[in-house]
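Hi,

Here is the structure I promised to pass on.

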Amino acid sequence: MQQSMDFPGGRVALTSKMKFIFESSEQRIPCYRVLDDDGYPISSSGFEQVSREIAVKMYSGMVTLRNMDTIFYEAQRQGRISFYVTSFGEEAIGVASAAALSPDDIVLPQYREPGVLLWRGFTLQEFAHQCFGNKADYGKGRQMPIHYGSNKHNYFTISSPIATQLPQAVGVAYSLKMDKKDACVVTYMGDGSTSEGDFHASLNFAAVMEAPVVFICRNNGWAISTPVSEQFRSDGVVVKGQAYGIRSIRIDGNDALAVYTAIRVAREMAISEQRPILVEALTYRVGHHSTSDDSTKYRPIEEIEHWKTAQNPLARFRKWVQRNGWWSDEDESELHENVRKQLLHAIQVAEKTEKPQLSDMFTDVYDQVPSNLSEQERLLRETIKKHPQDYPSDVPI
Amino acid sequence: MEAMLQGIGAASASVSPCPVDRYYRFGVASLQSLPVIRPEGRTIAGSILRSCRARQFITKAVAAKADSNATSAASKPGHEVLLFEALQEGLDEEMARDPRVCVIGEDVGHYGGSYKVTKDLAKKYGDLRVLDTPIAENSFTGMAVGAAMTGLRPVIEGMNMGFLLLAFNQISDNCGMLHYTSGGQFTIPTVIRGPGGVGRQLGAEHSQRLESYFQSIPGIQMVACSTPYNAKGLMKAAIRSENPVVLFEHVLLYNLKERIPDEEYVVSLEEAEMVRPGEHVTILTYSRMRYHVMQAAKTLVNKGYDPEVIDIRSLKPFDLYTIGNSVKKTHRVLIVEECMRTGGIGASLTAAINENFNDYLDAPIVCLSSQDVPTPYAGTLEEWTVVQPVQIVAAVEKLSQ
């Protein structure tokens, strides 16, 4: 009997036993972690030793992020900014993954990764300026709050529609590949993004093109009110990697050291082997989807509370850092106090800063302002002149 | 078909070059109007776009004025090409000139593209610079956006323009908007091109006129080529532009033959082309309809009319300077397009002319378009969804009463 055959695509073994591959494996893909629930390193984890400096910076970053989220969320509730998105419960993913990258790696975020930008040096003031949409905002007040973007930090401007950044990430990787740069692309997405067509095509493209992209999926269990059981029926996101010929791993997203270690290795593989890597970071979205959402309407408060306390990524990492003698309770209260002060100050400054002027409505649509837009601007100014009482007084003309 | 495609139209006296500070100049920093001389002797004033590597364009001072059409003579300057070859030449030249230019699309590599526009480019520049992608238009367009934001200058090919409807989100929200929403931090200098328009029994999904749907997207420019000369020039200009440009080619025009200059040239993205100057009526058209119009023009001339035919070329923005001058001269406008009646380029152009040149019109603008139906497969039905020369002649006659 013929044992194997050459079809387009390669040689396959032949079998006379008809067997369907099961829709799910008997066991789910296990989840990599370094620290246990109490912050003790698991001996067999083989994690990369982190220096005191990096560890403290990572922890401080997570604390800063949490405080920033708390205070900006409050600011939205007070009507001072129009919108905000928190990263409660997912601080480790953003900060620790960024710590594992080089500043030359290009980041294409979804929208729940300000931790990456924070690690890279974006200041609280810069965050505030964007949220207030004032003239100091790098986006010139053109995008909603939290749609940060900074070319000097290699952090691409956030675009609201889901998963559009994924094919773009492949394009960026293509560009790096052409230039043979020692850098990779890192792009983030949520569990919901994996349903978009762009997710599938991007993974496929990246594999075919052997593009150095690290795809990081923050599987936090919820896409607004849609739980993952209604998003897909696969074993999460990690199993989808192999379907596209992509090396993948599932990690504990609430474990800062697991995130750090895994991303370090993923990055190395992506660059040296010129291949994409898929990382599924399991976590939980403790906060609401955004300030426009009240998640208690579709999930039990007990569930939220459980993840908020028992699986708090900050508490877990703090225990490890403190046990190493690198952090103390005094450091903790000092940091919280400092950060809060800075945040309140940043908000005050941002609130007082002028909004972008009228001409910024018409610039950057094209590389230079075309005549039809100049004309439209002229008409607008005429209208404002005629009806000054209807034009907001705090927006410079 | 062949009869329609010959004879771009009898040239009359040369058109005077346009002044440097054009009223509706669109986003071009340094302007230098340099007459670009065509071998037939007509001068068409083109402006040279700002280029990062300063290059001297050699204009060949062919002094002979036009008194006859292009009749083939071995001693004539320039070389003959088919339209798809002209596009390929333009692309090839730009890829040689700037290593950042790359091509992304389905079957553009060794297959050379569905209409052979990228023929042999993969051999010359390699598989990475001429990239074959899996079938996912939204994704490879997104990929091009990402590549552009990182400094490359991708040329995206839609195998048929209609398939780019799948890429609408990336074209509209990302190509068009990211320069703006990022506060100017990221530029997207992409070119999106492909064959569109009504072909020969290709069915409704392969007969789309996407310029209708895309015209509202802020941040992009749209141009339509119609001759080998302007095809090459527009391709080069589009690649050099810092803005995302959509270049509309037509399925039925790829085999048009014309003699084009040997020396390098670029045409302006924002200028219309005067095809046939006249006095009685302004006929505005673009792409394949230009040839139906010129066919009708022959009949009209025989009947004693003197139509002015302008190929608008720039679909977004409109070259209202050239168009306005024409309207001020003739006072009657006929628009001939292939778009559907509702929401097409003709509809926008009618509004723009009415708004800007209402005082100069002696009669309401007439717009001939395709009907609001999907293009049928049956040959006779398909023929009648597209504006025919007889209709154009009748419309001019009615307009001139």
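For what follows, a helix is a DSSP run of H or I at least four residues long, and a strand is a run of E with at least two. Keep in mind that this is a predicted model.

With those terms, chain B comes out with 13 helices and 16 strands. UniProt, in an unreviewed entry, puts a "Transketolase-like pyrimidine-binding" domain at residues 81-256 of chain B.

Some totals for chain B: 61% of its 401 residues count as buried. Take the contacts between residues at least 6 apart in sequence, and 81% of them join residues at least 24 apart. The chain exposes about 14900 Å², with carbon and sulfur atoms supplying 54% of that.

I also checked helix α4 of chain B (residues 137-149). Buried means under 20% relative accessible area, and 13 of the 13 residues of α4(B) are buried, so the helix is largely enclosed by the rest of the structure. Just after α4(B), B:Gly151 has a positive phi of about 115°.

Over on chain A, there is a nonpolar surface patch of about 300 Å² made by A:Met5, A:Phe7, A:Val12 and A:Leu14. A:Val12 belongs to strand β2 (residues 10-13) of chain A, and with a relative accessible area of 38% A:Val12 is partly exposed.

Cheers

Note on methods. Residues numbered from 1 in each chain as written. Chains lettered and ligands numbered in written order. Predicted model: local features only at pLDDT ≥ 70, side-chain atom pairs only at ≥ 80, totals over all residues. Heavy atoms only, no water. Buried < 20%, exposed > 50% of the residue type's maximum accessible area, 1.4 Å probe, protein only. Contact = heavy atoms within 4.5 Å. Areas by Shrake-Rupley, 256 points an atom, 1.4 Å probe, with all protein chains shown as cover. Patch = residues over 30% accessible without salt bridge, like charges linked within 9 Å, V, L, I, M, F, W, Y side chains within 5 Å. Salt bridge = Lys/Arg side-chain N within 4 Å of Asp/Glu carboxyl O. UniProt positions renumbered as here; feature names shortened; annotations may be inferred.
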